[in-house]
Amino acid sequence: MDQRKWWVRGVVVGSALLLAPMGAWADKLTELEQAFETQQKSLQQLQQEMHRLRQDRTAQQTDIDRRVMEVEKKAADAAASSLLTGYEGGKGFFLKSADDQFRLNLSGYVQNWMQVEGSKENEDFPAGSVAAGNARHDASTFKMRRARIILSGTIYKDFGFHIEPELVSGGQGTRLEAAFATYTYAPWAKVKVGQFRDMYSLEMATASQDLDFAERAIVVRALAPDLQMGLLVSGNLKLASVLPVYYGLGIFNGCGRVDQCAIDNDGDKEFTGRFAFSPPMPFGNLTIGLNADHRNFDIVRGNGARDLVTAPVGGASPAHRFNPIGPTGTTLAGNGNGLQNGFLINGDRNTGGVDFVFDWYPFILKGEYHYALQKRNGLGAGGADLDELQMQGTYGTIGYWIFGNKRNGLLANTRYEFMRVDDRKGHFDTAAATEQTLEVQSGTLGLTWYINPSVWVRGNYIVTDLSPNANQVGMSNSHGSNVAQQGIAELMVKF
């Protein structure tokens with residue numbers, strides 16, 4: 001800078017010396033030097049002003065940035081404290097915080113049936129089965145199968161709750177269907193406590209509103225544990241990063257719903273386990289499930305265990321009565337008006353099962369097999385033990401999507417069912433003279449139109465054949481020697 005100043009001064013002075021007369025050189029030089037000094041002062045002032053302006057601009061920018069950050073923080077805090085509302089088709093209404101830490105869901109459904117029964121044909125009843133047939137026959141009727149309101153949600157993201165009353169439950173009226181709390185540590189570690197269905201069996205683990213038929217299969221309702229109070233530890237993980245796996249281990253009171261037994265009446269807990277995996281497939285999706293259950297049917301202080309097909313005999317009897325039921329609730333092993341009235345049981349039951357589902361659009365295949373051994377302690381002559389019951393059964397379904405899916409589509413499906421109950425010797429003890437080997441074969445044809453995710457209509461045509469034939473006398477135009485034929489038309493509305 002100094003060299004440049006002297007260079008400029010030299011040029012100016014030199015020019016003046018060359019152009020000005022000799023006498024004016026001194027005055028001109030002085031004048032030029034004064035002008036140059038004045039310009040230098042102005043330049044310094046400008047530089048100082050520019051430096052001050054830069055400092056002011058930096059301070060202003062810092063203040064603006066601070067104010068922007070404050071506004072953004074206030075906006076974020078306001079958004080975090082705000083509530084979002086909405087509706088998801090087929091899942092219900094929700095109210096949640098913007099950060100998704102808290103969520104409240106309101107949903108439910110109404111399942112209406114038109115149950116179609118054939119004529120009684122009592123003129124063809126066998127002589128010894130008239131009373132049983134008359135008692136067994138049901139008239140065609142409209143029926144409110146299920147009506148439920150479901151309140152669920154999450155608290156601080158990891159904690160959850162579910163409350164589901166059943167508003168219509170046969171002659172029982174309103175009761176608690178399910179109520180439980182959950183904690184999710186990670187996808188592979190979840191805890192559930194309360195009343196809910198044990199994670200045993202593909203169909204029993206499927207919510208009622210998500211079934212492919214109007215009702216669950218006979219063997220599932222007979223052998224898979226139903227609603228119980230207890231605790232379940234479960235999770236989902238991947239083995240070797242390629243094999244999706246689910247596990248569930250539970251301990252339950254084993255005596256039924258809270259309205260059936262508020263507390264465990266005998267101290268013998270029920271233990272269940274389910275392990276499911278989805279192996280890699282060249283096409284479609286396959287899931288295989290393995291199930292195990294141990295429970296006890298004992299009478300303690302006059303109280304016993306209950307489920308869909310089992311209840312204490314009552315009075316001074318130490319036994320429970322096991323009697324499988326069909327899709328419309330008809331007992332399949334007699335009704336007490338004829339030779340048979342179910343099977344008497346007392347003691348431990350061990351059950352195992354396997355299930356699968358193979359989804360290869362437009363086809364979907366499902367099936368289950370279950371086998372149980374049931375003790376019959378002290379039910380023989382003189383308090384002797386009767387031979388154990390063998391209870392086993394299976395079903396298989398084939399579905400075909402004519403078009404669409406469950407959001408909007410038409411599904412045609414069919415199901416074959418088989419169940420057998422006998423003792424391990426193959427014949428019943430003379431002390432259980434009213435008991436006979438039970439065999440059930442049933443076929444169902446179904447068609448379901450999913451109008452949208454929340455509404456569908458369904459029709460099921462059901463054919464049932466029982467052995468002994470006497471057990472089906474009176475069932476929907478059956479007089480024993482012919483099969484029973486029933487129909488169910490269903491309207492489901494979910495919100």
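Reader: Where is Asp212 placed?
Author: Asp212 lies in the loop between strand E7 (189-197) and helix H4 (218-223); helices (H or I, at least four residues) and strands (E, at least two) are DSSP runs, numbered from the N terminus. This is a predicted model, in which local features need pLDDT of at least 70, side-chain atom pairs count only at pLDDT 80 or more, and totals for chains, interfaces and linings use all residues. Residues are numbered from 1 along each chain as its sequence is written, and side-chain values use heavy atoms, with hydrogens and water left out.

Reader: Does Asp212 count as buried or exposed, and why?
Author: Asp212 counts as buried because its relative accessibility is 13%. Buried means under 20% relative accessible area, exposed over 50%, and partly exposed in between (1.4 Å probe, protein chains only).

Reader: Which side chain makes a polar contact with that of Asp212?
Author: The side chain of Lys366, at 2.7 Å. A polar contact is a pair of N or O atoms within 3.5 Å; within protein, one must be able to donate a hydrogen and the other to accept it, and residues adjacent in sequence count only if both atoms are side-chain atoms.

Reader: Which residues does Asp212 touch?
Author: Leaving aside residues up to four places away in sequence, Asp212 touches Lys366, Lys406, Asn413, Thr448 and Arg458, a contact being heavy atoms within 4.5 Å.

Reader: Turning to the whole protein, what does the C-alpha trace span?
Author: About 160 × 50 × 45 Å along the principal axes.

Reader: And how many helices and strands are there?
Author: The protein has four helices and 21 strands, and 40% of its 495 residues count as buried.
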